[in-house]
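Here is a walk through one protein model, from the overall fold to single side-chain pairs. Keep the sequence and the structure in view as you read.

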Amino acid sequence: MKSNMNIKAVLLKTTILVLLLLIPVIVMASGEGNDHGNAVLKDFLYRCFNFALMVGLLAYFVTKPIRKGLKERTEEIRKALADAQAAKEAAEAKHREYSDKLAKATEEIAGITEAIRREGEMERDKILLAAKEMAAKIEREADNKASGVVAKARTELREEAARLAVDLAENLLKKQISADDQKRLVEEYMQKVGELH
């Protein structure tokens, strides 16, 4: 509506300007006082009237499509501006959303890193504890095996010592006991066995 008023104002000003420029020509033509001058003046005025009428008709018929085109263009620009504003707001919202997601992802990565570090430390502690337990078990088994070997060796030494003692005693007895002593020992033994039955 405002652009329509501006066009009409421009056309009105242009028409007034043309008429003001024609006034001196009209005054000069009327001052000559002859018929030929009147005919020229009438012709000139007729042409000016035709020109003003043509400009007026053109202005009347052309301004509607121009106004309509300008109005459509204005609406297109408003719509484009509104779309651009909406796109800007959507982009800002996306930016905020992605910034928030990035911040959350950074926090999650820090949390995961911390959890992995703690888990690694716990796993290290478990491995160290298992290694200590295994070392203690191996040490106990070694002690048990060593004790078993020592006990076995002691038993074998006792047996060997007993066998050697028996052999030694036998040899001593063979050397010191005579055949008569042997007979007497056998008889005493038989007698004790007989008394038991």
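Of the protein's 197 residues, 4% count as buried, where buried means under 20% relative accessible area, exposed over 50%, and partly exposed in between (1.4 Å probe, protein chains only). This is a predicted model, in which local features need pLDDT of at least 70 and side-chain atom pairs count only at pLDDT 80 or more, while totals for chains, interfaces and linings use all residues. Residues are numbered from 1 along each chain as its sequence is written, and side-chain values use heavy atoms, with hydrogens and water left out.

Start with the fold. The protein has 3 helices and 0 strands; helices (H or I, at least four residues) and strands (E, at least two) are DSSP runs, numbered from the N terminus. The order from the N terminus is α-α-α. The accessible surface comes to about 17400 Å², and 65% of it belongs to carbon and sulfur atoms. Such areas come from the Shrake-Rupley method with a 1.4 Å probe; for residues, only the protein chains shown count as cover.

Now turn to a surface patch. F49, L53, M54, L57, L58, Y60, F61, V62, I66 and L70 form a nonpolar patch with about 970 Å² of accessible area together. Patches are made of residues with over 30% relative accessible area and no salt bridge; like charges are joined within 9 Å, nonpolar side chains (Val, Leu, Ile, Met, Phe, Trp, Tyr) within 5 Å. V62 sits in helix α2 (residues 35-176). V62 counts as partly exposed because its relative accessibility is 36%.

Next come the charged pairs. The structure holds 10 salt bridges, each a side-chain nitrogen of Lys or Arg within 4 Å of a carboxyl oxygen of Asp or Glu. Side chains of opposite charge can pair when their charged atoms come close. R124 forms a salt bridge with D125, with the closest N and O atoms 3.3 Å apart. K94 and E97 also meet in a salt bridge (3.9 Å, N to O). Both lie in helix α2, 3 residues apart, about one turn of the helix. K94 is partly exposed at 40% relative accessibility, and E97 is partly exposed at 32%.

Further along, which residue does D167 meet in a salt bridge? The partner is R163, at 3.6 Å, N to O. D167 and R163 are separated by about one helical turn because they are 4 residues apart in helix α2. Salt bridges that share partners also join K94, E97 and K101 into one network.
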